[in-house]
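Please keep the sequence and the structure in view while reading.

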Amino acid sequence: MDRVARRQTFVMVRHGMTEANKLGILQGAHLTLESAVLTNESRDQAREVGHRLRERWENAIDVCIVSSDLSRARETAQLIQEAWPEGGRPQHLLTPDIRERGLGSVEGMAVPASDIGKARAIYEERMRKGGFPADWKPLETFDAMRQRCSRFLAEYVEDGSDAWLPRSG
């Protein structure tokens, strides 16, 4: 991937709420559901963020939008990008390195308030009760997530550029 170089301003924007979020379904870094699409309200919010950011950085050459490759983050980034006129939009780069934490077999479970702490409790309870089925996938460790994020920072942010990131939790 091309390194983004120039002056650095780093703005993070979380992806919009999805229909799955509304249902309390833990999505994680791998789950792809039809219900993982943005709500209409979230689409409107992403467009508004785009307009506000365009007011700050009108010249798209000064901007690089980087998002995870998950559909909810990608769609949020694309809606933000559309605030600039066609033919003059900022570059949009996708990377799996800034996906939210992989929740393993907990992904897809409905957990009240979509709280990762509750997912961890489910995981730990299964461990206490004697483990998991052979096909159970563990939660991504914080160290593994930190390594992914460090790759991202080394690739995109070291030299810097005006950038914002629709990203997950």
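A residue is called buried when its relative accessible area is under 20%, exposed when that area is over 50%, and partly exposed in between, judged with a 1.4 Å probe and protein chains only. The model is a predicted one, in which local features need pLDDT of at least 70 and side-chain atom pairs count only at pLDDT 80 or more, while totals for chains, interfaces and linings use all residues. Residues are numbered from 1 along each chain as its sequence is written, and side-chain values use heavy atoms, with hydrogens and water left out.

The chain contains 5 helices and 4 strands; these are DSSP runs, numbered from the N terminus, with helices being H or I of at least four residues and strands being E of at least two. Their order along the sequence is β-α-α-β-α-β-α-α-β. Where contact means heavy atoms within 4.5 Å, residues 24 or more positions apart provide 78% of the chain's contacts with a separation of 6 or more.

Two of the helices, α2 and α3, pack with their axes 7 Å apart and at an angle of about 45°. Here the axes are lines fitted to C-alpha atoms, for helices over the stretch in contact, and angles run from 0 to 180 degrees between N-to-C directions. The contact involves Arg43, Ala46, Arg47, Val49, Gly50 and Leu53 on α2, and Glu75, Thr76, Leu79 and Ile80 on α3.

Salt bridges, in which a side-chain nitrogen of Lys or Arg lies within 4 Å of a carboxyl oxygen of Asp or Glu, number 9 in the structure. One of them joins Arg43 and Glu75, at 2.6 Å from N to O. Because Arg43 belongs to helix α2 (residues 40–56) and Glu75 to helix α3 (residues 71–81), this pair ties together parts that are 32 residues apart in sequence.

Another salt bridge links Glu100 to Arg72, with the closest N and O atoms 2.8 Å apart. Glu100 lies in the loop between β3 (91–95) and α4 (116–128) and Arg72 in helix α3, so the pair ties together parts that are 28 residues apart in sequence. Glu100 is buried, at 13% relative accessibility, and Arg72 is buried as well, at 2%.
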